[in-house]
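Reader: I'd like to go through a model with you, starting with charged pairs and ending with strands. Can we take it feature by feature?

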Amino acid sequence: IAYASLPPHRNAGIAYASLPRRNMGFALAAGTFNLPEWMGGGGGAAAATVGGSTNSVVKTVAGVRHRRLGGGDIVVSELGLGTQRWGGADYNSPDEALCHQMLDFAVANGVNLVDTAEQYPIPSDFTRPEGRTEEIIGNWLAKDKSRREKLVIATKITGGANITPKNIIEACEGSLQRLQTDYIDVYNLHWPARYTPQSNWGQSLEYNQKSELAPYYRGHASFDDIVQAMGKLIQDGKIRGYGACNDNAVGLMGMAAAAKRQGVPGPCTMQGDYSMLNRRSEENGLSEASSPELENCGWMGYNVLAGGVLTNKYYADGEAPPAVDDPQQSRAQASVKNPRGRMDTTGWGSTLYRYRTSAAEAATRDYAKVAAGKNLSLTAMAQRWAAGRQFCTTSIVGHTSMQQL
């Protein structure tokens, strides 16, 4: 980018022409940071100059486009496997054998991205504890060592007060052991260390200054603390890149600025709730901040089917409404006994009301008409919508059966 050509009011006294290109979404002074040899062929800041614009299509595999995630060399399929319920205690959580079958099928059909977390599965119980999902993926990798190079693995450290420099290092080691690998491709904060309304999964976006003072957030890890720990993991060859889930433009710009101060790589991705019914990340500045012209940061969207609502299994003509909203008690009980998805359960279903407001219901019905007019299922249209947005690098889609996958 020719920073020197920017108009004076954009320069704000900064000598932009002296900054190196931010090909990985960060600017490094020469010699201040050494990448491991396996990541760049010799280490040093020069290794960080490989790459290009985030979201650019690098190749196509079995009909699936693979896009650059951030400005480095991490390349992910435009569809990723969401694993939140793998091996979990939900009524339809897939067991390990089925999860391995899904991995086989996905890799054979052009998918390389698997998104997980140390906190998965959700829900968990004593016999299926947190961390079990990573173990399932690790057991699949252990069957054939050549499988590791076929996957891009993204996992997460539990957020909030749990995020400290010490815990970032230790949690990463735990994930590495469970995944049976010596490196993680993308290591994300599951939700921010600081207070932000974005981390309540969008139930309300109003910022409450009083919440900053809550004991839970008092003394939280700073952006500098976080990027220093992530930079150490990169330098040690434990991770290739990092970012944050359930965050916003403040989180991206805060980490990016801290990375520049500390002389370490900046975030390569952000992740969050994203669908035709939930476009807030396009409206709150995050898509702008992620631009190749700014922080050159990727975007991993989850819930592109809005918790199953955009499959049209709840609001199609003749279908009963979600059990958690159904005023007819007998019909609601029947749905609970034979649930179509999470909206027919009393656990997670009741927390996902953002997809079931009167506005969301009306929009879903209208979207279904648009899809039918184009001879598409609503499911296909919702997925194509996400894949076609310039902001979106990849869509993480949950699934509980081979038929869904």
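Predicted model: local features only at pLDDT ≥ 70, side-chain atom pairs only at ≥ 80, totals over all residues.

Reader: How many salt bridges does the structure hold?

Author: The general idea: side chains of opposite charge can pair when their charged atoms come close. Here a salt bridge is a side-chain nitrogen of Lys or Arg within 4 Å of a carboxyl oxygen of Asp or Glu. The structure holds 26 of them.

Reader: Which residue forms a salt bridge with arginine 148?

Author: Aspartate 185, with the closest N and O atoms 2.9 Å apart. The pair links distant parts of the chain, 37 residues apart: arginine 148 sits in the loop between helix H4 (132-142) and strand S6 (152-157), and aspartate 185 in strand S7 (residues 184-189). Helices (H or I, at least four residues) and strands (E, at least two) are DSSP runs, numbered from the N terminus.

Reader: Is arginine 148 buried or exposed?

Author: First the cut-offs: buried means under 20% relative accessible area, exposed over 50%, partly exposed in between (1.4 Å probe, protein chains only). Arginine 148 is buried at 10%, and aspartate 185 is buried at 0%.

Reader: What about glutamate 319?

Author: Glutamate 319 forms a salt bridge with arginine 340, closest N and O atoms 3.3 Å apart. This pair also links distant parts of the chain, 21 residues apart. Glutamate 319 is partly exposed at 39%, and arginine 340 is partly exposed at 22%.

Reader: And arginine 331?

Author: Its side chain meets that of aspartate 326 in a salt bridge (2.7 Å, N to O). Arginine 331 is partly exposed at 30%, whereas aspartate 326 is buried at 8%. Salt bridges that share partners also join Asp73, Arg148, Asp185 and Arg240 into one network.

Reader: On to strands. How many bridges pair S7 and S8?

Author: Two strands pair if DSSP finds at least two bridges between them. S7 and S8 pair in the parallel sense over five bridges, and asparagine 188 has glycine 243 in S8 as its bridge partner. Seven of the seven residues of S8 (residues 239-245) are buried. S8 also runs parallel to strand S9 (residues 269-273), joined by three bridges, with cysteine 245 opposite glutamine 271 in S9.

How values were computed
Residues numbered from 1 in each chain as written. Heavy atoms only, no water.
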